[in-house]
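My notebook is open and the structure is about to go on screen. I'll jot down what I look up as I go.

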Amino acid sequence: MCKPDAVERGLVGEIVSRIERKGLVIKEMDMRIPSVALAEAHYEEHADKPFYRELVDFLTRGPVVAMVIEGPDGNTFSLMRMLIGKTNVDDAQPGSIRGDFATITNENLVHGSDAHESAVREIALWFPA
Ligand code: ATP
Ligand code: MG
């Protein structure tokens, strides 16, 4: 997902381009402002963290671009996480999206599912059948 900061900064094309150049396939793509309920469900694993409310406020402050990305293997989430880079901007390597474009951990441009099961859960949330 391109988060609101990516849309605000005009980086959606750059991010989508990197996904395509990697050889991954965009199966679904939808721009929308998520409801608070959707953002809360999306980040429910962080519900007990001190930064949860801030995270939900951030995700709902403007349009995001939600995508379903497919690769040849069951490890697409892992390839995407490599493209995205580490969560903390101090650790995100140049060459990754966060490493190249993010300076603030809270505004790190992209979300990527952290496991195959997370991808299944999140796809059902964002693209219900
Ligand atoms: P995302 O789920 O958005 O792809 P991630 O999987 O790399 O990011 P998570 O641990 O799931 O990282 O954290 C979700 C988001 O919460 C991060 O992208 C970051 O913006 C924010 N975050 C994580 N840890 C902290 C923290 N200690 N303080 C403030 N915000 C944080
Ligand atoms: Mg995460």
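First thing I wanted to know: which residue forms a salt bridge with Arg 18, and how far apart are the closest N and O atoms? I found Glu 14, with those atoms 2.7 Å apart. For my own reference, a salt bridge is a side-chain nitrogen of Lys or Arg within 4 Å of a carboxyl oxygen of Asp or Glu.

Before going on, I noted that this is a predicted model, where local features need pLDDT of at least 70, side-chain atom pairs count only at pLDDT 80 or more, and totals for chains, interfaces and linings use all residues. Residues are numbered from 1 along each chain as its sequence is written, chains are lettered from A and ligands numbered from 1 in the order in which they are written, and side-chain values use heavy atoms, with hydrogens and water left out.

**Salt bridges**

I looked up the total, and the structure holds eight salt bridges. Arg 18 and Glu 14 both sit in helix H2, four residues apart, about one turn of the helix. Helices (H or I, at least four residues) and strands (E, at least two) are DSSP runs, numbered from the N terminus. I also checked the general rule: an α-helix has 3.6 residues a turn, so residues three or four places apart point the same way.

Arg 18 is buried at 15% relative accessible area, while Glu 14 is partly exposed at 29%. My cut-offs are under 20% for buried, over 50% for exposed and partly exposed in between (1.4 Å probe, protein chains only).

Arg 18 also meets Asp 100 in a salt bridge, 2.9 Å from N to O. This pair links distant parts of the chain, with Arg 18 in helix H2 and Asp 100 in helix H6 (residues 97-101), 82 residues apart.

Glu 70 is in strand S2 and Lys 27 in strand S1, so the pair ties together parts 43 residues apart in sequence.

**Helix H4**

Which residues of H4 (residues 52-59) are buried? I listed Tyr 52, Leu 55, Val 56, Phe 58 and Leu 59. They cover an arc of only 160° around the axis, which puts them on the same side of H4; the arc is that of the directions from the helix axis to the C-beta atoms. Their cover includes helix H1 (4-8), helix H3 (36-42), strand S2 (64-70) and helix H7 (116-126), with contact meaning heavy atoms within 4.5 Å.

**Helix H7**

**The largest pocket**

A pocket is an open set of points on a 1 Å grid over the protein atoms alone, where a 1.4 Å probe fits, with protein on both sides within 12 Å along at least five of seven lines; lining residues have an atom within 4 Å of a point. The largest has a volume of about 500 Å³, the space filled by probe spheres set on the points, which are joined across faces, edges and corners. It has 31 lining residues, and Met 67, Ile 69, Ser 113, Ala 119 and Ile 123 are the closest to its centre. H7 gives the most to this lining, with six residues.
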